[in-house]
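Here are some exercises to work through with the model open in your viewer. Try each task before you read its solution.

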Amino acid sequence: MNHSPTVTVHFSQAILQAAQRLGLRLPNDLVAEMEARERVDLESQDRLWEAFCQAAADPLVGVDLGLALQVGHLDTAGMILMSCETLGEAVESLLDYHPIVGEGGTFHFQAVTAHRCELRYQPLYHTRQATRVEAVMASMLNLTRWSTGDAFRPACLTVCHAPQTDTSRYHDRLGLPVRFNADHNALVFDAEQLRLPLIHANPALCRHLRGLADDLLARLENPSLGARVSALIRDHPHWGKERIAGQLGMSGRHLIRKLADEGTGFKLLRDTLLRERAEQALADGERAGQIAEELGFSDESAFVKAFKRWTGSTPARFRAERGD
């Protein structure tokens with residue numbers, strides 16, 4: 001069943017840690033949101049990247065983040081990649097398990113010639129796409145070098161976008177040629193390097209982690225009822241309980257019972273998501289009346305009452321406190 005793409009919170013925390021190292025101030029509500037989740041929806045991840053890039057004001061902040069990324073930021077998938085025996089096995093595992101890290105992009109391995117191959121990445125997001133792609137490619141390069149004891153020697157890195165700063169800065173940071181406006185985002189290397197042994201290879205651990213990862217993938221592919229309800233509310237904030245229940249092929253009463261079995265409730269899920277949407281809309285400068293209409297409230301007054309119940313503050317005061 002289709003569901004909203006998510007990212008492991010560990011990757012989001014890598015961004016928060018980078019912001020802290022750089023002395024960047026991110027919105028408190030956004031930071032709290034990242035700390036309270038196991039998986040982060042792509043919409044929230046978009047807002048995190050936007051805030052991070054605005055605060056950094058450095059075109060190569062994505063490259064620097066990727067180079068600083070550690071195995072733990074990739075969740076179980078990162079541990080699997082580290083414990084594989086060869087680089088080729090790690091590439092195969094990346095193709096299988098990358099959704100655990102994030103469902104915002106896909107990887108593909110392509111043998112271009114008999115001796116040359118490419119590990120390609122296709123993003124599914126649009127917000128700050130170039131910077132995020134550079135973060136992904138830099139992390140792949142850095143972790144592959146690290147896991148092979150610096151034996152990995154790629155020919156070049158290619159990206160689909162134009163350079164965001166002087167091209168010499170990319171070479172200085174990454175230590176290899178970077179080609180821009182290419183057909184694919186790819187790490188290009190000799191096929192023979194797939195045989196490189198990994199310095200932390202641990203076959204027994206790798207088998208164990210793959211079992212855990214298979215369970216994680218199954219949960220992602222078959223999300224909980226609460227996750228499915230949240231996705232529908234996010235896509236259709238004006239829908240009520242009965243319409244969402246109908247979309248899921250059940251009655252409103254049955255939906256309430258099934259959510260209770262998962263330890264949650266429709267009102268809690270809806271209030272949480274509407275609050276997030278409302279706070280973001282206010283931060284973006286939307287009028288309260290416009291937000292009320294988008295979220296399905298009968299009028300602006302009803303929205304203001306709900307917002308005050310959620311936050312203890314009126315929309316006007318919330319906006320004033322943010323300095324907007």
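**Exercise 1.** Find where Arg128 sits in this predicted model, and work out whether Arg128 is buried, partly exposed or exposed.

*Solution.* Start with the place: Arg128 is in the loop between strand S4 (116–123) and H7. Next, check the backbone: the phi of Arg128 is near 50 degrees, a positive value in a residue that isn't glycine. For context, most residues other than glycine have a negative phi. Last, the accessibility: Arg128 comes out at 32%.

**Exercise 2.** Describe how H5 packs on H9.

*Solution.* Two packed helices are described by the angle between their axes and the distance between the axes. Step one: helix H5 (residues 75–83) and helix H9 (residues 203–221) pack at about 155 degrees, and their axes are 9 Å apart. Step two: angles over 145 degrees count as roughly antiparallel, so H5 is roughly antiparallel to H9. Step three: the crossing of H5 past H9 is left-handed. Step four, the residues: H5 brings Thr76, Met79, Ile80 and Ser83, which meet Pro203, Leu205, Cys206, Leu209, Arg210, Ala213 and Leu216 in H9. Sorted by class, the contact of H5 with H9 has eight nonpolar, two polar and one charged residues.

**Exercise 3.** Is H10 roughly antiparallel or oblique to H12?

*Solution.* Get the geometry: helix H10 (residues 225–235) packs against helix H12 (residues 252–261) at about 125 degrees, with the axes 9 Å apart. That angle makes H10 oblique to H12. The contact is built from Leu225, Gly226 and Val229 of H10, plus Leu255, Lys258 and Leu259 of H12. By class, the contact of H10 with H12 has four nonpolar, one polar and one charged residues.

**Exercise 4.** Which residues have the most contacts inside the largest nonpolar core, and what does Phe52 touch?

*Solution.* The largest nonpolar core has 70 residues, and Phe11, Trp49 and Phe52 have the most contacts inside it. H7 gives the most to this core, with eight residues. Now zoom in on Phe52: leaving aside neighbours within four places in sequence, Phe52 is in contact with Ile15, Ala18, Ala19, Leu24, Leu26 and Val61. Val61 is also among the buried residues of helix H4 (residues 61–68), along with Gly62, Val63, Leu65 and Gly66. The cover over the buried residues of H4 includes helix H1 (9–22), H3, helix H7 (129–147) and helix H8 (167–174).

**Exercise 5.** Are Gln45 and Glu276 buried or exposed, and what do they touch?

*Solution.* Gln45 lies in helix H3 (residues 42–56). Its relative accessible area is 2%, so Gln45 is buried. Residues up to four places away in sequence aside, Gln45 touches Val7, Phe11, Ser12, Ile15, Val40 and Arg132. Glu276 belongs to helix H13 (residues 266–283). At 17% relative accessibility, Glu276 counts as buried, because the cut-off is under 20%.

Key. Residues numbered from 1 in each chain as written. Predicted model: local features only at pLDDT ≥ 70, side-chain atom pairs only at ≥ 80, totals over all residues. Heavy atoms only, no water. Axes fitted to C-alpha atoms, helices over the stretch in contact; angles between N-to-C directions. Helix = DSSP H or I, 4+ residues; strand = E, 2+ residues; numbered from the N terminus. Parallel < 35°, antiparallel > 145°, perpendicular 65-115°, else oblique. Left-handed = near helix turned anticlockwise from the far one by under 90°. Contact = heavy atoms within 4.5 Å. Nonpolar A, V, L, I, M, F, W, Y, C, P; charged D, E, K, R; others polar. Buried < 20%, exposed > 50% of the residue type's maximum accessible area, 1.4 Å probe, protein only. Core = buried A, V, L, I, M, F, W, Y, C linked by side-chain atoms within 4.5 Å.
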